[in-house]
Amino acid sequence: MTYLVTARKWRPMVFDDIVGQAHIATTLRNAIATNRLSHAYIFSGPRGVGKTTTARILAKAVNCLAPENHNPDNKCDLCVEITEGRSVNVFEIDGASNRGVEEIRNLREAVRYGPAKGKYKIYIIDEVHMLTKEAFNALLKTLEEPPSYVMFIFATTEIHKVPLTILSRCQRFEFRRISIEEIISRLHLIAKEEKITIDDDTLLLIAKRADGSMRDAQSIFDQVVSFCGNKITSQQIIEMLNLVDEEFFFRLADTIKTKEIKVGLLLADEIIQRGYDLREFLNGFIEHLRNTLIAKTTKSTKLIEASEGIKKRFESDANKFSEIDLLRLIQIVSDAENAIKWSRQPRLKLEIAIVQMIKLDSSVEIGSLIERLENISTSSGDMQPDNDLSNYETSNRKTKDAPIRGSVKATQPTLRPDQVIKPSITLSQIPVVAEPIRLPTKNDILEKWSMFVSEARKERIAIGTILSETSFIDINNDRLCISCPDDFHADTLNLNKNRQYLQEIAERVYGAKVHLETILSSKTNSPAILKQIESPQENQSQPLAQQHPVIQALVREFGAKPINR
Amino acid sequence: MSWSSVIGHERVKEILTGSLKRNRLAHAYLFTGPEGVGKYAFALELAKTVNCEKHLPEACDECASCKKIATLQHPNLHLIFNLPVGKSESADDSPLEKLSQDDILGIQEQLRLLAENPFYKLKISRANAIKINSVREIRREATLTMFGSGKKVFIIIDADKMNDPAANALLKTLEEPHADTMLILIPKMQDALLPTIVSRCQHIRFESLSEDIIGKALEERKRLDKKTAREISRIANGSYSKALQLIDSEYQNEQKQALDLLRLLLTRSHSEIIAVAEQIAKEKERPEIETTIRLLQQWFRDGMAIKENIVNPKIETDDIALGKFIRAYPLWDYQRTIEILEKAVSLLDKNVYIPLIIIEIAINLRLAVGVTPGAR
């Protein structure tokens, strides 16, 4: 005998067997009992909850020759014919394949003739949402007032695609998702009949994954049986379905806390090597974060569905993150989960999500911040702020002081301290008292700028070249300001070694000690100056006055021309 | 061992041989997992096994039936894949009826390549979707009498490319097909399938292949020496197809082109970039551009990994261009770049005008480096 999958073999045959839809089964049975059947029904609901099954049972129940308690007996000729799909009175039409207006016109023609056997001529249109608009409209008149012996039963997962004019002509039944308990008890029954040993914990694993659909549950059940034979343990299921080990969630949470990007990326690699389904992993991590949040806010683990050992770990982990951080993490993970659905490179998405989470700064709640500030002002003697606040302050100050580099993303309210590049000159580097030697003036510097560059190039070509791409802006006491076209230049010049080298050269050329200070040209927003100074050779021929920034600005903004006296 | 063209996947083998032994094969399977791990090869092997004249849980690879399936000539084996739409084609025509001679020849050539190498990826020009005609063909074929014993096997490649009517038309067949019929769906992305389709299939998940397995397969099948095989398996990212690509010189060429494009986008002025973009739009088809963007994305990912100091053997550290790049742009925002490119691919899928996509990439890349557009 050919093997039938469980979902087909165990398709319910009477109203009583329908799982989880008691409200519908009862209504239909009462309708038959009181002879108040409608001529058109529409069944809607998610996949695998029993729409087609109910439609078939209803078709049999109204035609059955010997109904028992308004259930079909499944033994009489008519029932058997319908079950085998060779009845001349019951037409099961695939709405997705026969969706055109032509098919509906044929149907209308056929409706005029009465049933050959039994009381009713029944049209079951499955996937009815796929009918075209014209087809629906062609059906309207027939649907409103069909001959007394005709009954329509529509089934669909996408009720919103069915026109309202159709809906209003039908009695509508909404099928519910099937609860985990109901799925377990049904699978339990099937397992018993098929002589398969399986415990309730294992069934729970299956039912959880089925997500409210009986057919999904039975598909997984089938797969498990064909993998394990007649004796099934939860360990085998975990192996077969390759479920994610809880340990990974704890490790990821730790890594986020310790902020090690490297560890995070290596962890991502391990997850992928294990072959876990990445969406499943992210979903699991959302649940993990949710559990942490619950452990933190309710201070108990009652609402967590997990084994005792794991609950204990949640208890001890509860204070790792603040509530706001948990919410932000959940947001990141759920965004990533959403994006991964449509990504052909899920690995990248996972890695990015992990890096994002690790880079996330711990936030400080405004309420507690204000409280702390008040504490500080009241405790006048001791000005030492507590730990968290000082962290907050330093990180805040650093972002303010740092030169503008790259772009700061809106999703990262504050930068991590080590991510922020130190200002090119720190306070300690500026001597408080200038040394008593003659400092070069601006003109001195400009005159010898090309010499300075070529001197620098003599010993170290790379530095010289980079220097030649920068331009001199100003000299202020002993601070030599140089404008750099981008941060690559600035960073190179700011390397301690290079800075020292250049300062030595400057001393040789200008006879004075200077300190190098770099500014990004985007900050000076005076391209005219830069251009002028970038080519010092040309500058030599121009009167010095023209190189003065004020004059430059006049020329640029007002188109001023020099007057030769 | 006769699951011969299959590499790795012991767990999946166990599930399927278990079903075969216990006579519990489902009528519909959904094979999901990363690209290039051999889902199609596995499906073909399953088709062989159920049609093999010796009726063992493993195909014999010797009988006429096995050989015919291996060359894709068995009458019980049906492949369904993306097809172009012919001129004035209606849903009632058979899928190939209205196609031009050139199209048919192209498809035949692609199938020949697929028969030679089950890891080959079909590239049929202008083929954007699985047509409803093809799905109707499944229904029609399924009702015809079978050739010999065994099962009629329908392998639907890139099943997520079925458009809405096609997918819905498959539902009824998928739920209760004729006896001795088996459907195997292989989508690129599972979530692009209707939930109603997923729920009707037995879902089998494939995993990335480990480096050892890929390395061994390369040694045995491609006669590579141990060292090269290992090197390639390291960067193949768990995909055997990728490994095969890496051997291919065409791939290296593609990578070079991708880097050239990156250089252009970063250094040229806007007007030049517009010209380049239009040039590319003229010369290349969307799938080619997608490959280029994917290569760049991979490249930046490696950059991120190197920058985070992961001493991970996975990464080609001897990629000179990458090393230079990292040094030249110490503040480059890799994470953002990867997102930019991801967005570009999604725009590409949505049929956005190609030059616009390229210009968008160029502008955004300049933001990632911190240089404002037009500054250079």
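Visitor: How do you know which residue or chain a label refers to?
Guide: Residues are numbered from 1 along each chain as its sequence is written, while chains are lettered from A and ligands numbered from 1 in the order in which they are written. This is a predicted model, where local features need pLDDT of at least 70, side-chain atom pairs count only at pLDDT 80 or more, and totals for chains, interfaces and linings use all residues.

Visitor: What pLDDT does chain B average?
Guide: Chain B averages a pLDDT of 82, and 93% of its residues score at least 70. The scale, from 0 to 100, gives the predictor's confidence in each residue. For the complex, the predictor gives an ipTM of 0.70 and a pTM of 0.66.

Visitor: Where does pLDDT stay under 50 in chain B?
Guide: Over residues 371–376. The model has nine contacts beyond four places in sequence for that stretch. A contact means two residues whose C-beta atoms, placed from the backbone, lie within 7 Å. Where pLDDT is low, predicted coordinates should not be read in detail.

Visitor: Why is A:Lys195 called exposed?
Guide: A:Lys195 has 7 other C-beta atoms within 10 Å. A:Lys195 lies in the loop between helix 8 (180–193) and strand 6 (197–198) of chain A.

Visitor: What phi does A:Lys195 have?
Guide: A positive one, of about 60 degrees, although A:Lys195 is not a glycine. Most residues other than glycine have a negative phi.

Visitor: Is B:Ser88 buried or exposed?
Guide: Exposed, because B:Ser88 has 7 C-beta neighbours inside 10 Å. B:Ser88 also has a positive phi, of about 45 degrees, and is not a glycine. Its place is the loop between strand 2 and helix 4 (101–116) of chain B.

Visitor: What makes strand 3 of chain A mostly covered?
Guide: Six of its six residues, 121–126, are buried. A:Lys121, A:Tyr123 and A:Ile125 point one way, and A:Ile122, A:Ile124 and A:Asp126 the other way. In a regular strand, side chains alternate between the two faces of the sheet.

Visitor: How do you know that strand 2 and strand 3 of chain A pair?
Guide: Five bridges join them, and they run parallel. Two strands pair if DSSP finds at least two bridges between them, so these strands pair. A:Val90 stands opposite A:Ile122 in strand 3 of chain A. Strands themselves are DSSP runs of E, at least two residues, and helices are runs of H or I, at least four, numbered from the N terminus.

Visitor: What makes strand 2 and strand 5 of chain A edge strands?
Guide: The open sheet of five strands in chain A has the order 2-3-4-1-5, with parallel pairing. Strand 2 (90–94) and strand 5 (171–174) each pair on one side only. Strand 5 is joined to strand 1 (residues 40–44) by four bridges. There, A:Phe43 stands opposite A:Phe173.

Visitor: Which order do the strands of the chain B sheet have?
Guide: The order is 2-3-4-1-5, in an open sheet of five strands with parallel pairing. Its edge strands are strand 2 (77–80) and strand 5 of chain B. Four bridges join strand 1 (residues 28–32) to strand 5 in chain B. B:Tyr29 has B:Gln202 as its bridge partner.

Visitor: What makes a set of residues a nonpolar core?
Guide: The members are buried Ala, Val, Leu, Ile, Met, Phe, Trp, Tyr and Cys residues joined through C-beta atoms within 7 Å. The largest such core here has 132 residues. Those with the most contacts inside it include A:Ile153, A:Val224 and B:Ile184. B:Ile184 is in contact with residues including B:Tyr29, B:Ala43 and B:Ile156. A second, separate core of 58 residues includes B:Leu262 and B:Trp299.

Visitor: How many residues does each chain give to the contact between them?
Guide: Chain B gives 52 residues and chain A gives 49. Helix 6 of chain B gives the most to its side, with five residues. The chain B side divides into 18 nonpolar, 17 polar and 17 charged residues. Here Ala, Val, Leu, Ile, Met, Phe, Trp, Tyr, Cys and Pro count as nonpolar, Asp, Glu, Lys and Arg as charged, and the others, Gly among them, as polar.

Technical notes:
Buried ≥ 20, exposed ≤ 12 C-beta atoms within 10 Å, placed from the backbone.
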